[in-house]
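Dear colleague,

Please find the structure below, with the sequence alongside. My notes on the strands, helices and aromatic rings follow after it.

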Amino acid sequence: MNIAIVGTGYVGLVSGTCFAEMGVNVACVDIDKAKIEALREGKVPIYEPGLDEMVLRNTKAGRLGFTTSLSEVIDDVDVVFIAVGTPPDEDGSADLRYVLEVAREFGRLINRYTLLVTKSTVPVGTAAKVRRAVREELEKRGVEIPFDVASNPEFLKEGAAIKDFMSPDRVVVGVDSEQARSLMSRLYRPFLLNNFRVIFTDIPSAEMIKYAANSMLATRISFMNDIANLCELVGADVNMVRKGIGSDSRIGSKFLYPGCGYGGSCFPKDVKALIKTAEKRGYKMKVLSAVEEVNEAQKSVVYRKLASCYGGEANLAGKRIAVWGLAFKPETDDMREAASLVTIDLLLGAGCDVRVFDPVAMDECRRRLGDQVEYAKDMYDAVLDADALLLLTEWKQFRLPSWGVVTRSMRSPLVIDGRNIYDAEDLAQQGIIYHCIGK
């Protein structure tokens, strides 16, 4: 089977590579010439464990190719996926300009039946706009060529995207024709031989499922952060509360970990977009509005704890602060909407000297912050002469540090744990002043 994927960002590149791994012939299309040339040379522009090797393997096998022109491959493919970005507009709604441009190009190029599938995260109703854009281009050409539009939202977790794609919990496909359903069934069958977990829906439902799923997960995180903040006020331990409610089979334990707020490319953007979708239809998403409000406040919780330790923000000027973790989560270099950006901005505003370390996000931090912060060689170099250590991303290498080295390196043994990965009693025995979330 031959397919094209337009957009070689995170979703497009991972999806195209995984399809190729399963024997599909994939043409990845992107207007960025430099990116395409780099990919042809095996240089992957994103950090995702295992992706580099898979791209090289499938490129050499001839199943995965890269081009800047959809016109070069359109006559050879059965399905075209739209995997371009849908960044938040100024009002928080999803910007569909790139999606609709792909739809228009599709309409200008097709010469036989082809299926156009939106894989980008798009609001409910986008498929109708895509279909209309294609038809307008066909009318301009004065031709009647059959085509279908489908919705196939992605559910990839950064850092575990290959596993998620190759062994999915479910594949959601929104279609409105038997021909589209048959094509999508053929495409995904190799991934689901043992348990064919494709959920076919109408197209608007498929578009809604993606937003609803991410918004539910964001809601669980903000709920636990709200509970954690209350636990501190009433003397409860949020870790015990989490275990207690998570053992209820109706609730479960996933995404109930308190911390310093969620970030990344999906949750913040999708929550905002769903709120805006409702607003455009005269409805207010009261729960999600609260979820967003709680999360924005939670991103500064580590800074507020630090300020409290020193008797207020005014006393932070000149303090040397070490930061472990810059990415919004482990196993990625993505800093979009990361708690680290909010925390560092507050630290710099208070006159602190900030020294940072992250296993993979240092280049991304340099791109974003330049020389506003100092960049450490490793996690121990970061804490040298530090007045406090802030843990913001729960990378595995941060979980069991040599506390003896840390305390000898720091001016004062103050640790504020924004992800609750350390044991308070253990750190107390090391002579460390320890603060976490919700206890």
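Two strands are taken to pair if DSSP finds at least two bridges between them. Helices (H or I, at least four residues) and strands (E, at least two) are DSSP runs, numbered from the N terminus. Please note that this is a predicted model, in which local features need pLDDT of at least 70 and side-chain atom pairs count only at pLDDT 80 or more, while totals for chains, interfaces and linings use all residues. Residues are numbered from 1 along each chain as its sequence is written, and side-chain values use heavy atoms, with hydrogens and water left out.

I begin with the open sheet. Six strands make it up, in the order β11-β10-β9-β12-β13-β14, and the pairing is parallel. Its edge strands, β11 (374-375) and β14 (433-435), each pair on one side only. Within the sheet, β9 and strand β10 (residues 353-357) are joined in the parallel sense over five bridges. The bridge partner of R320 in β10 is D353. Helix α13 (residues 339-349) packs on this sheet and touches β9, β10 and β12, where contact means heavy atoms within 4.5 Å. The direction of α13 makes about 155° with that of β10; axes are lines fitted to C-alpha atoms, for helices over the stretch in contact, and angles run from 0 to 180 degrees between N-to-C directions.

In strand β6 (residues 147-151), five of the five residues are buried, that is, under 20% relative accessible area, with exposed meaning over 50% and partly exposed in between (1.4 Å probe, protein chains only). In a regular strand the side chains alternate between the two faces of the sheet. Both faces of β6 are covered, with F147, V149 and S151 buried on one side and D148 and A150 on the other.

Next, helix α3 (residues 51-60). Its buried residues are L51, M54, V55 and N58. Seen down the axis of α3, they fall within an arc of 100° and so line one face of the helix; the arc is that of the directions from the helix axis to the C-beta atoms. These buried residues pack against α1 (10-21), β3 (64-67) and α6. After α3 comes G62, whose phi is positive, near 85°.

Finally, the aromatic rings. The structure holds 10 aromatic pairs. Rings of Phe, Tyr and Trp (its six-membered ring) pair if their centres lie within 6.5 Å; planes under 30 degrees apart count as stacked, over 60 as edge-to-face and the rest as tilted. One of the pairs, F165 and Y188, is tilted, at 6.5 Å centre to centre and 35° between the planes. This pair links distant parts of the chain, with F165 in helix α6 (residues 161-166) and Y188 in helix α7 (residues 178-188), 23 residues apart. F165 is buried at a relative accessible area of 6%, and Y188 is buried at 3%. The pair of W324 and F398 is stacked, at 5.2 Å centre to centre and 15° between the planes. W324 lies in strand β9 (residues 320-324) and F398 in the loop between β12 (388-391) and α16 (403-409), so the pair ties together parts 74 residues apart in sequence. W324 is buried, with a relative accessible area of 0%, and F398 is buried with a value of 0%. F19, F81, F165 and Y188 form one aromatic cluster.
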